[in-house]
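Please describe how this chain is put together.

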Amino acid sequence: MAISPPRNMPPEMGERVAAALAIELQSYGILATVAPAEAPIQVDGVMSTRDAGMSIEVQTDWRVRGRPRTDEPATVKTRAPPEDYAEQAERLVSRIAQQAAPRIATLIGKPPNFIPRAPGQVAAGITIPYEFPPDPAAAPPPDGAVPTSTTVPTPAAAKPAEPQVKVFVAAVTGAPSDGNRQLTSGMRRALGSSKLVIVDQAEGEAFSVVGTVTLTPIDDRMARLVVKWIVKDPAGKNIGDIDQSNPVPLAATKGSWAGFGDIVATAASEGVLELLEKAINKPR
């Protein structure tokens with residue numbers, strides 16, 4: 001199966017959605033890649049949006065190319081904060097792909113009957129739920145309710161500022177196409193969202209994360225992808241590593257890694273954070 005970026009979707013976001021969806025579909029035993037690869041089944045989609053209160057609803061209608069237009073599409077609706085759509089946030093891209101995968105599998109006659117474990121989830125080890133920020137306005141008490149206490153709470157003592165952990169993410173090596181760049185930027189985003197300070201050089205008190213990619217052909221269509229992340233302390237000593245290994249379509253590795261790079265890096269970042277935490281809390 002080859003998946004085209006949805007029409008009407010911003011081009012870069014569309015490519016990332018198509019790549020992420022191809023990865024998710026492998027959870028159902030469906031060999032999928034991103035168009036314009038040759039494949040017996042071609043899937044494309046059309047995106048539309050509408051306001052939904054304080055959020056925006058992104059709808060994508062997926063169809064198998066060549067099927068009668070009277071056939072019902074696989075429709076996916078995802079609500080997100082307007083800023084996530086404007087920024088083409090990775091969690092929105094991942095959510096669209098995760099929602100669409102089982103519906104497209106059903107559309108082509110392979111309805112899922114098991115819990116998926118896609119390369120994006122195995123390499124990544126996670127499923128990304130969409131979470132809205134909590135509403136800061138407290139709900140009003142019900143009519144007739146009596147407050148249990150009128151005591152004014154004592155402000156908590158301010159906590160001392162925690163030391164900032166600096167991390168340098170080295171350029172990933174070994175991946176074809178734009179894989180090195182996508183994996184590097186994906187890891188920087190993933191660690192940066194965890195309140196780490198991402199620096200541009202390995203110096204001073206900065207830890208380092210070094211990624212390498214190995215791609216070994218299995219046959220003429222599949223290859224084994226191994227991504228290894230090594231974490232080093234400020235002195236350059238290895239403190240641990242994370243290995244991610246999965247079979248992937250060769251055609252998919254030759255296209256853009258947008259979306260896939262973020263999924264893989266996001267998963268590995270959990271292990272990186274654990275290694276950093278152990279190193280920081282290790283008795284001196």
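Glutamine 88 is buried because its relative accessible area is 18%; buried means under 20% relative accessible area, exposed over 50%, and partly exposed in between (1.4 Å probe, protein chains only). Glutamine 88 sits in the loop between helix H2 (82-86) and H3. Helices (H or I, at least four residues) and strands (E, at least two) are DSSP runs, numbered from the N terminus. Apart from neighbours within four places in sequence, glutamine 88 contacts Pro10, Glu12, Met13, Arg16 and Val93. Contact means heavy atoms within 4.5 Å.

This is a predicted model: local features need pLDDT of at least 70, side-chain atom pairs count only at pLDDT 80 or more, and totals for chains, interfaces and linings use all residues. Residues are numbered from 1 along each chain as its sequence is written, and side-chain values use heavy atoms, with hydrogens and water left out.

**Salt bridges**

The structure holds eight salt bridges. In each, a side-chain nitrogen of Lys or Arg lies within 4 Å of a carboxyl oxygen of Asp or Glu.

| Pair | Closest N to O |
|---|---|
| Arginine 16 and glutamate 90 | 2.7 Å |
| Arginine 188 and aspartate 200 | 3.3 Å |

Arginine 16 forms its salt bridge with glutamate 90. Arginine 16 lies in helix H1 (residues 11-25) and glutamate 90 in helix H3, so the pair ties together parts 74 residues apart in sequence. Both arginine 16 and glutamate 90 are buried.

Aspartate 178 is buried, at 14% relative accessible area. Arginine 181 counts as exposed, at 55%.

Arginine 188 forms a salt bridge with aspartate 200. This pair links distant parts of the chain: arginine 188 is in helix H5 and aspartate 200 in the loop between E7 and E8, 12 residues apart. Arginine 188 is partly exposed at 28% relative accessibility, and aspartate 200 is exposed at 61%.

Arg7, Asp44 and Arg65 are linked in a network of salt bridges.

**The core**

The largest nonpolar core has 61 residues, and Leu25 and Trp62 touch the most other members. Helix H3 (residues 90-107) gives the most to this core, with nine residues. A nonpolar core is a set of buried Ala, Val, Leu, Ile, Met, Phe, Trp, Tyr and Cys residues joined through side-chain atoms within 4.5 Å. Beyond four places in sequence, leucine 25 contacts Met1, Ile3, Ile30, Ala32, Ala101, Ile104 and Ala105.

**Strands**

Strands of a sheet pair through backbone hydrogen bonds, either parallel or antiparallel. Here, two strands pair if DSSP finds at least two bridges between them. Strand E1 (residues 2-3) runs parallel to strand E3 (residues 42-52), joined by two bridges. Alanine 2 stands opposite glutamine 42 in E3. E3 also pairs with strand E4 (residues 55-64), antiparallel, over 10 bridges. Tryptophan 62 in E4 is the bridge partner of glycine 45. E3 and E4 form a hairpin with two residues between them, and glycine 53 in the turn has a positive phi of about 70°.

Five strands make an open, mixed sheet in the order E7-E6-E8-E9-E10. Its edges are strand E7 (197-199) and strand E10 (238-249), each pairing on one side only. Strand E9 (residues 222-232) pairs antiparallel with E10 over 11 bridges. Valine 231 stands opposite glycine 240 in E10. Helix H7 (residues 260-281) packs on the sheet and touches E6, E8, E9 and E10.

Methods. Axes fitted to C-alpha atoms, helices over the stretch in contact; angles between N-to-C directions.
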